[in-house]
Amino acid sequence: MPVNSSLNLGVSNSRLNWENNPKDVLKPDFERLKNLIKTLGVWKPLLVKDGSIVIGGNSRLKAFKELGIKEVWCSNIEFKLVDGMYKAFIDGEEQERAY
C-alpha cells in the first residue's frame with residue numbers, strides 16, 4: 001500500500017502499536033467514545049504505518065473491536081522514530097504531533 005494513502009482496514013487485521021498506550025483512556029471516557037462511535041460512526045481515520053500497525057487511534061481501534069465494527073477508514077502514513085517517539089511525515093515534511 002502506498003504511503004500517505006487512505007483505505008479501509010479490516011479491524012481484525014490491524015495491530016495495536018503498543019500495549020501500554022500512554023494515551024489510554026479511563027473506563028467512563030472509553031464508554032463515551034464507544035457511544036460517540038455508535039452515534040456518529042467513523043469520523044476520523046486511524047493513522048497506520050506499514051499498512052496495519054496503528055500509530056494514532058489505538059483507543060478508537062479497541063472501541064471498534066468491542067463494537068463489532070469490521071472495517072474502518074485509515075490513512076497509511078510514513079512514520080519515523082525520532083527521540084523515542086513516532087513522528088508523522090506527510091509529503092516529506094515532519095508533522096508537529098508525535099505519536
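Mentor: Leu-46 stands opposite Cys-74 in β5. This is a predicted model, in which local features need a pLDDT of at least 70 and side-chain atom pairs count only at pLDDT 80 or more, whereas totals for chains, interfaces and linings use all residues. Residues are numbered from 1 along each chain as its sequence is written, and side-chain values use heavy atoms, with hydrogens and water left out.

Trainee: How confident is the predictor, and where in the chain is confidence lowest and highest?

Mentor: On the pLDDT scale (the predictor's confidence in each residue, from 0 to 100), the chain averages 75, and 66% of the residues score at least 70. Strand β8 (residues 93-98) is lowest, at a mean of 57, while α1 is highest, at 93.

Trainee: What makes a stretch a helix or a strand, and how many of each are in the chain?

Mentor: Both are DSSP runs numbered from the N terminus, a helix being H or I over at least four residues and a strand being E over at least two. The chain has two helices and eight strands, and from the N terminus on they run β-β-α-β-β-α-β-β-β-β.

Trainee: Why is Lys-34 called buried?

Mentor: Buried means under 20% relative accessible area (exposed is over 50%, partly exposed in between, with a 1.4 Å probe and protein chains only). Lys-34, which lies in helix α1, has a relative accessible area of 11%, so it counts as buried.

Trainee: What puts the buried residues of α1 on the same side?

Mentor: In α1, Phe-30, Leu-33, Lys-34 and Ile-37 are buried. They cover an arc of only 95 degrees around the axis, which puts them on the same side of α1; the arc is that of the directions from the helix axis to the C-beta atoms. The face turned away from this buried side carries the exposed residues Pro-28, Arg-32, Lys-38, Thr-39 and Leu-40.

Trainee: Which residues is Lys-34 in contact with, leaving aside its neighbours within four places in sequence?

Mentor: Contact means heavy atoms within 4.5 Å, and on that basis Lys-34 is in contact with Ala-63, Glu-66 and Leu-67. The buried residues of α1 pack against α2 (58-67).

Trainee: What makes a set of residues a nonpolar core?

Mentor: The set must hold buried Ala, Val, Leu, Ile, Met, Phe, Trp, Tyr and Cys residues joined through side-chain atoms within 4.5 Å. The largest such core has eleven residues, among them Phe-30, Leu-46, Ala-63 and Cys-74. The elements giving two or more residues to this core are α1, β3, α2 and β5. A second, separate core of six residues includes Leu-47, Ile-53, Ile-77 and Phe-79.

Notes:
Two strands pair if DSSP finds at least two bridges between them.
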